[in-house]
Amino acid sequence: MGVVRILLPLPRAAAKWAPEKGGPLLGAALSYCATPSWAGLPPPSPARRLAWAEEAVAAYRATADTEGLSRALSLRAHALLLSGRFEEAYRAVDEATAVWGGRAGGDAGEAAAVQNAQASPDADGAGAVRGVQARAGADQSAAAGTGTEQEATVTTAADQAAVAGTGVGEAAVVRGVPAHAGADQAAAAGTGVGEAAAVRGVRAHAGAEQEAAAGTGADRETSFGVGLGEVVVAPGARGGTAAGGRGEVPPAVGAFLGDVRAQALAGLGRVEDAVPVARASVAAYRRLPAPDRRDRALGSLPGALRTYGMLLAATGRREESVAVYEECAALLAAMSLRELAHVERVRPQVLAELVGVLRASGRHEDALGVGPEAREALRGPLAWTVPETVLPLRVRLLVDLARCHTATGDPAEARACAQAAVAEARKPHGAGELTSALDCLADVLGELGQTDKESIARRELAELRDA
């Protein structure tokens, strides 16, 4: 990425003097800069990503490269999401799909044309779920909330994953979900690929029948356009012109835009609305073939599963959330080092959040079983390259483990975890979690009868809350 950034003046000059030929070159270079492909490298700031994406959009607009323009607009939507500008990101998804005429055609004979609820994203924003602001981006979408779910019946890998009584070990593999050989997406087997949502109130486009999603067979093409405005992405569709002159959103772009829309809705507090959008995005990623280099920048199946798992947890569907998280952890564990390098930041997030959902479900022993692997995943290079993501996760993980140790009758280990959580939270990037860490430590010290130390912790906690 550094070399491409240094050489940007060359394609900029080419785009200035020969837009038709230099424009696509400049757009591709800027898109590459905006999407670092290796997790071990420090990511560019959201502001720089947004600047590059907007310049790429301007370069592609001067050309006839519709697919390049759509990808650049998708990256712009993602950069807005990372910047916390959720409503703008939501609108940017619509803009990215509009360049294809608002719909994808292709083999739509059996594809359900699903229209997204067009209510303004800020209409329900007042009902935002506190604490579910998208950790998308730096935290890459820990957006755990999103508005009113369009009713849907779906059979997913979450329904098929074995949940009860097991933590996720390093080699954990969810039954029926082997990793896709050599593919970054590691598509899960054993799940019906038809995960289209039967959404109340949606209308079918001309020539397409509405389908109830549950049990949809593998031979049926499903709509991946829930939440993408009126866009329907047919499996196997390629960028181009469909019958009737309408373009088809490339499947990788459609899947990525679905994930971005779900996270944007989460940032707006519309928890239920995001669930079918995230589910459709997961379904779209499952149908993708092994990604090429260009498509790897457009999200991944593990990333989409993580978004879906968080949204399920936010709506109280914890057992489904656990199953999705366990599937995601299994996919990541089965990846090669080369494949994992592109999605390495997802792994510690998934494991830490899985511990939290298991604790909330009352499965304390299972949570403690996942704990060591989660703690290990939060060490190493990622702690140096993205401390703003890793430190808050580490504090939340230690608090969850302390609560689990207390519930299982091990107060000494609970105190050790709580003290470690407070120490991590005192670092600059962990300061946002200091309140929860001190609250946990005070509770643990009270359990141990150390009232003097408990009162000190509670006094500091009161001062923080009053500040």
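Q: What is the handedness of the crossing of helix 8 and helix 9?
A: This is a predicted model. In the model, helix 8 covers residues 251–267, and helix 9 covers residues 271–287. The crossing of these two, helix 8 and helix 9, is left-handed.

Q: Are helix 8 and helix 9 roughly parallel or roughly antiparallel to each other?
A: The axes of helix 8 and helix 9 are 8 Å apart, and the two pack at an angle of about 160 degrees. Angles over 145 degrees count as roughly antiparallel. Helix 8 and helix 9 are therefore roughly antiparallel.

Q: Is Ala284 buried or exposed?
A: Ala284 belongs to helix 9. A residue counts as buried under 20% relative accessible area. Ala284 has 2% relative accessibility, so this residue is buried.

Q: What distance separates the C-alpha atoms of Ala284 and Val253?
A: Along the chain, Ala284 and Val253 are 31 residues apart. Between their C-alpha atoms, the separation is 9.8 Å.

Q: Is helix 18 roughly parallel or roughly antiparallel to helix 19?
A: Helix 18 spans residues 434–447 and helix 19 spans residues 451–466. Their axes come within 8 Å and cross at roughly 155 degrees. That angle makes helix 18, relative to helix 19, roughly antiparallel.

Q: Is Leu10 buried or exposed?
A: Leu10 sits in helix 2, which runs over residues 9–17. The cut-off for exposed is over 50% relative accessible area. Leu10 reaches 59% relative accessibility, so Leu10 is exposed.

Q: Which residues make a nonpolar surface patch of about 330 Å²?
A: Leu10, exposed as stated above, is one of the residues in this patch.

Technical notes: Residues are numbered from 1 along each chain as its sequence is written. This is a predicted model: local features need pLDDT of at least 70, side-chain atom pairs count only at pLDDT 80 or more; totals for chains, interfaces and linings use all residues. Side-chain values use heavy atoms; hydrogens and water are left out. Patches are made of residues with over 30% relative accessible area and no salt bridge: like charges are joined within 9 Å, nonpolar side chains (Val, Leu, Ile, Met, Phe, Trp, Tyr) within 5 Å. Accessible areas come from the Shrake-Rupley method with a 1.4 Å probe; for residues, only the protein chains shown count as cover. A salt bridge is a side-chain nitrogen of Lys or Arg within 4 Å of a carboxyl oxygen of Asp or Glu. Helices (H or I, at least four residues) and strands (E, at least two) are DSSP runs, numbered from the N terminus. Buried means under 20% relative accessible area, exposed over 50%, partly exposed in between (1.4 Å probe, protein chains only). Axes are lines fitted to C-alpha atoms, for helices over the stretch in contact, and angles run from 0 to 180 degrees between N-to-C directions. Angles under 35 degrees count as roughly parallel, over 145 as roughly antiparallel, 65 to 115 as roughly perpendicular and the rest as oblique. A crossing is left-handed if the near helix is turned anticlockwise from the far one by less than a right angle, and right-handed if clockwise.
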